[in-house]
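Good morning. I was asked to talk through one structure today, and I will keep it plain. Please look at the sequence and the model first.

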Amino acid sequence: MKHYCVRALVSGRVQGVWYRGSTQERAQSAGVTGHAVNLPDGRVEVLMCGDPARVSQLAEWLWQGPERARVTDVELEEVELETIGIPVPERFTIG
């Protein structure tokens with residue numbers, strides 16, 4: 001079974017402002033799996049897998065983020081995890 005997954009790279013003031021935790025809460029309430037991880041360059045990588053409409057809604061929310069965040073860019077890329085041998089996440093985690 002093919003799953004719909006999108007990888008987002010979020011730029012701006014997105015570390016140290018509860019961005020990952022807020023994203024996890026939104027994802028869990030939408031039934032989206034994946035992860036939100038701080039990157040060394042100051043961005044946050046968000047992997048979102050699930051129903052295309054719900055993934056799209058979460059992707060739109062990434063532009064907003066929590067109150068203290070200041071998002072300047074969100075790069076989106078559809079990814080086929082099965083093709084590259086990565087299992088589709090069963091839940092949404094932060095790292």
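A word on the source. This is a predicted model, in which local features need pLDDT of at least 70 and side-chain atom pairs count only at pLDDT 80 or more, while totals for chains, interfaces and linings use all residues. Residues are numbered from 1 along each chain as its sequence is written, and side-chain values use heavy atoms, with hydrogens and water left out.

Helices here are DSSP runs of H or I with at least four residues, strands are runs of E with at least two, and both are numbered from the N terminus. Read from the N terminus, the order is β-α-β-β-α-β-β.

On overall dimensions, the C-alpha atoms fill a box of roughly 40 × 25 × 20 Å along the principal axes. The radius of gyration is 12 Å, which agrees with the value near 12 Å for a compact globule of 95 residues. That radius is taken over C-alpha atoms, and the globule rule is 2.2 Å times the number of residues to the power 0.38.

Of the 95 residues, 41% count as buried. Buried means under 20% relative accessible area, exposed means over 50%, and partly exposed is in between, with a 1.4 Å probe and protein chains only. Contact means heavy atoms within 4.5 Å. Among contacts between residues at least 6 apart in sequence, 75% join residues at least 24 apart.

Now the helix pair. Two packed helices are described by the angle between their axes and the distance between the axes. Helix H1 covers residues 19-30 and helix H2 covers residues 52-61; they pack at about 160°, with axes 10 Å apart. That makes H1 roughly antiparallel to H2. For the terms, angles under 35 degrees count as roughly parallel, over 145 as roughly antiparallel, 65 to 115 as roughly perpendicular, and the rest as oblique. The axes are lines fitted to C-alpha atoms, for helices over the stretch in contact, and angles run from 0 to 180 degrees between N-to-C directions.

Which residues meet between H1 and H2? From H1 they are Ser22, Thr23, Arg26, Ala27 and Ala30, and from H2 they are Arg54, Leu58 and Trp61. By type, the residues of this contact divide into 4 nonpolar, 2 polar and 2 charged. Nonpolar covers Ala, Val, Leu, Ile, Met, Phe, Trp, Tyr, Cys and Pro; charged covers Asp, Glu, Lys and Arg; the others, Gly among them, are polar.

Leaving aside residues within four places in sequence, Gln24 is in contact with Phe92, Thr93 and Ile94. Glu25 also lies in H1, but Glu25 is partly exposed at 48%.

Trp18 sits in the loop between strand S1 (5-13) and H1. Is Trp18 buried or exposed? Its relative accessibility is 51%, so Trp18 counts as exposed. Phi of Trp18 is near 65°, a positive value in a residue other than glycine.

Last, Ala59 in helix H2. Ala59 is buried, with a relative accessible area of 8%. Not counting residues up to four places away in sequence, Ala59 touches Met48 and Leu76. The C-alpha atoms of Ala59 and Thr83, 24 residues apart along the chain, are separated by 22 Å.
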